[in-house]
Amino acid sequence: MLNYERVQNLREEIGEDDFEEVVALFLEEADEAIERLEPDVGAQQLETDFHALKGSALNLGFDRFAEICATAEKQAAE
């Protein structure tokens, strides 16, 4: 689910141009983290990557993706 209220608030807080930049940066970071998702990457790196993605997703209103990242982060920690 997308938290449209969060998206709108962020757009108002930082402006449309900066919002587009933040989204582009998130997508770039997500691509880099996904490229690292291999069995031999190690649990610590997975935990770190999922934690970072979770925070970025919450900031952008990607609530469901953040929930998925939180679950994966917890699993990596265990």
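**Exercise 1. Classify Glu13 as buried or exposed, and place Glu13 in the fold.**

Solution. With a relative accessible area of 55%, Glu13 is exposed, where buried means under 20% relative accessible area, exposed over 50%, and partly exposed in between (1.4 Å probe, protein chains only). Glu13 belongs to helix α1 (residues 4-14), helices being DSSP runs of H or I with at least four residues, numbered from the N terminus. Glu13 and Ala57 are 44 residues apart along the chain, and 17 Å separates their C-alpha atoms.

The structure is a predicted model, in which local features need pLDDT of at least 70 and side-chain atom pairs count only at pLDDT 80 or more, while totals for chains, interfaces and linings use all residues. Residues are numbered from 1 along each chain as its sequence is written, and side-chain values use heavy atoms, with hydrogens and water left out.

**Exercise 2. Determine how many aromatic pairs there are, and work out which residues the ring pairs link into a cluster.**

Solution. The rule is that rings of Phe, Tyr and Trp (its six-membered ring) pair if their centres lie within 6.5 Å, with planes under 30 degrees apart counted as stacked, over 60 as edge-to-face and the rest as tilted.

Step 1. By this rule the count comes to two aromatic pairs.

Step 2. For Phe26 and Phe62 the ring centres are 5.4 Å apart and the planes stand at 45 degrees, so this pair is tilted. Because Phe26 lies in helix α2 and Phe62 in the loop between α3 (43-60) and α4 (63-77), the pair ties together parts that are 36 residues apart in sequence. Phe26 counts as buried at 6% relative accessibility, whereas Phe62, at 25%, counts as partly exposed.

Step 3. For Phe26 and Phe65 the ring centres are 6.2 Å apart and the planes stand at 85 degrees, so this pair is edge-to-face. Since Phe26 lies in helix α2 and Phe65 in helix α4, the pair ties together parts that are 39 residues apart in sequence. Phe65 counts as partly exposed at 33% relative accessibility.

**Exercise 3. State how many salt bridges a search of the whole structure finds, and find which residue forms a salt bridge with Asp49, with Glu73 and with Glu67.**

Solution. Side chains of opposite charge can pair when their charged atoms come close. A salt bridge is a side-chain nitrogen of Lys or Arg within 4 Å of a carboxyl oxygen of Asp or Glu.

Step 1. Searching the whole structure gives five salt bridges.

Step 2. Asp49 pairs with Arg36, their closest N and O atoms being 2.8 Å apart. Asp49 lies in helix α3 and Arg36 in the loop between α2 and α3, so the bridge ties together parts that are 13 residues apart in sequence. Asp49 is buried, with a relative accessible area of 7%, while Arg36 counts as partly exposed at 34%.

Step 3. Glu73 pairs with Lys54, the closest N and O atoms being 2.8 Å apart. Glu73 lies in helix α4 and Lys54 in helix α3, so this bridge ties together parts that are 19 residues apart in sequence. At 12% relative accessibility, Glu73 counts as buried.

Step 4. Glu67 pairs with Arg64, with 3.1 Å between the closest N and O atoms. Because Glu67 and Arg64 are three residues apart in helix α4, about one helical turn separates them. Glu67 is partly exposed, with a relative accessible area of 45%, and Arg64 also counts as partly exposed, at 43%.

Notes: Helices (H or I, at least four residues) and strands (E, at least two) are DSSP runs, numbered from the N terminus.
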